[in-house]
Amino acid sequence: MHSQRTFLQHLRPLQGILTAYARRTLFDPSEAEDVLQDAIRIAYGKFDRYAEGTSFKAWIFKILTFHILNANRRHERAARMEIPLLAHHADLAAALENEWEYDRLLADLDAVFDRLDPAIAQAVQRLPPMERSTLLLRSVAGLSYREAAGVLDVPIGSVMGYLSRARAKLRRDLAAYASERGILPPLREKP
Amino acid sequence: MNCGEVLRHLGPYLDSECDREVTLAIAEHLERCGPCAERLAREKDLEDRLAGHLGACEPGDDLLWRRLEGAVTRSGRRRLLWRGAAAAVVLAFAVGGASLLLRSGASDLVRAACADHAKLSREKFSEPEEPLSWEAVSASLAGRIPFAVSIKGPSPEGITPVGARPCAFGDEPVAFLRCCLGGEPVSVAILPEAALGSFPEAAGEFARKGDAFSCGRGDLHVGLARRGGTLVCVTGLPSGEALREAARILAERVEVSR
């Protein structure tokens, strides 16, 4: 028989990543507490259906993702109408030209990573919802591809595709940001 | 396996998601290829740093989880409380207290304005942006909302647009502008006055307080004004009086036409 104590024991180690995932995938991050509360209460109510020995993390992320999608659906219309008037979007074609800058960034991570702070959140925010969710489920929650596919109800191949595109865009955005802000020394010529 | 193939498998390899055969082939390549081994180590370093950054807690998260855990532990008791609350609502209506319940809290339009301002503050106001002309604002909104927004006469002094987008408060389309008001970021929502039909609480406040007024909600203030078929809502941290004045000026100058 599952108890409240057991539920909280499973939940506590995941609190940080659940919060980060909610904040970064919600259209309106200020809804994080409400959405988390709904998800946690529903999860607790259904805890007797959770099979001990399976991944509690994947189970609770699936419930949370369901609540996040519901919350985001309310904003869908506004999101569809949004115009990036002052676009900070890194154009992919232009970003490709930053590959050399990316190499430079990768070589100087110790020196530049702390200065990328503002760019990371923005770059993740710009990812399409499925790419963003997949990236966070993998990188932050540490779910396997199979678990992430289960959470998002998509095939594993799609998870791999989302993840690969998300990582590529994130890296290109960071390289472009670092280059524009002069964080990296300019390259004289392409190798 | 060559260097190009190793790079193609880079993501799944770092995630330990390659099958055994590919994993062994990559490991073998890395043993004899210094540049690839170095690249993989740096990519892993970047992944680890990003994961740490994206998963980082924020101040107050421990309190948040105390509240959330409290919600779980109280859930049984809360069901009883909800039943009690439902009975109280029935009783309140029975004794004619319904109007008090309906009037409580800030108005519907103010809530919508504050919610969008809070959201945009986090997303958009973090970096200074270039000022926009009012013509650029009109052009960027044209055809994307069911009404046109234009400015009559000279641009309002001291209110500088820096961004615009179509938005919606509930079911009502809204022209949403980010502006600087005396150096402070504010949100400006512009709607046809007829939209007030969807905001009965705000319509009631206009009826009671006149065509321009302000109110507060938490740290935020909201200035509202209507004039000549235009309804304007200015939201931000400046004083209610300053926002009401800005809303009044904009309602005079901005024209909304279907």
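In the predicted model, B:Cys180 has B:Pro185 of strand β4 of chain B as its bridge partner. A second bridge to β4(B) joins B:Arg178 to B:Ser187. Both belong to the pairing of β3(B) with β4(B), residues 184–192, which is antiparallel and extends over 7 bridges. The two strands form a hairpin with 2 residues between them, and B:Gly182 in this hairpin takes a positive phi near 55°. β4(B) also pairs with β7(B), again in the antiparallel sense and over 7 bridges. In that pairing, B:Ala189 stands opposite B:Cys233 of β7(B).

Strands of a sheet pair through backbone hydrogen bonds, in either a parallel or an antiparallel manner.

Helix α9(B) spans residues 134–141, and its buried residues are B:Trp134, B:Val137, B:Ser140 and B:Leu141. These four cover an arc of only 125° around the axis, and therefore lie on the same side of α9(B). On the other side of the helix, B:Glu135 and B:Ala139 are exposed. The packing partners of the buried residues of α9(B) are β1 (148–151), β2 (159–169), β3 (172–181), α11 (240–253) and β8 (254–257) of chain B. After α9(B) comes B:Gly143, which has a positive phi near 80°.

Within the sheet, B:Val232 is located in strand β7 of chain B. The relative accessibility of B:Val232 is 1%, so this residue counts as buried, the cut-off being under 20%. Setting aside residues up to four places away in sequence, B:Val232 touches B:Val188, B:Ala189, B:Ile190, B:Gly223, B:Leu224, B:Ala225, B:Ala247, B:Leu250 and B:Ala251. Among these, B:Ala189 is the residue that stands opposite B:Cys233. Between B:Val232 and B:Ala212 there are 20 positions of sequence separation, and their C-alpha atoms are 9.4 Å apart.

Chain B as a whole contains 11 helices and 8 strands. It has 258 residues, of which 44% count as buried. Of the contacts in chain B with a separation of 6 or more, 57% are between residues 24 or more positions apart.

The buried residues of α2(A) are A:Gln15, A:Ile17, A:Leu18, A:Thr19, A:Ala20, A:Tyr21, A:Ala22, A:Arg23, A:Arg24 and A:Thr25. Two of them, A:Tyr21 and A:Thr25, are touched by A:Ser133, which also touches A:Leu152, not counting residues up to four places away in sequence. A:Ser133 itself is placed in helix α10 of chain A, residues 129–139. With a relative accessible area of 10%, A:Ser133 is buried.

A further helix packing in chain A involves α1 (residues 4–11) and α4 (residues 56–73), whose axes are 10 Å apart and meet at an angle of about 90°. α1(A) and α4(A) are therefore roughly perpendicular to each other. On the side of α1(A), the contact is made by A:Phe7, A:His10 and A:Leu11, and on the side of α4(A) by A:Phe56, A:Trp59 and A:Ile60. By class, the residues of this contact comprise 5 nonpolar and 1 polar, with no charged residue.

Note on methods
Residues numbered from 1 in each chain as written. Chains lettered and ligands numbered in written order. Predicted model: local features only at pLDDT ≥ 70, side-chain atom pairs only at ≥ 80, totals over all residues. Heavy atoms only, no water. Buried < 20%, exposed > 50% of the residue type's maximum accessible area, 1.4 Å probe, protein only. Axes fitted to C-alpha atoms, helices over the stretch in contact; angles between N-to-C directions. Parallel < 35°, antiparallel > 145°, perpendicular 65-115°, else oblique. Contact = heavy atoms within 4.5 Å. Nonpolar A, V, L, I, M, F, W, Y, C, P; charged D, E, K, R; others polar. Arc of directions from axis to C-beta. Pairing = 2+ DSSP bridges.
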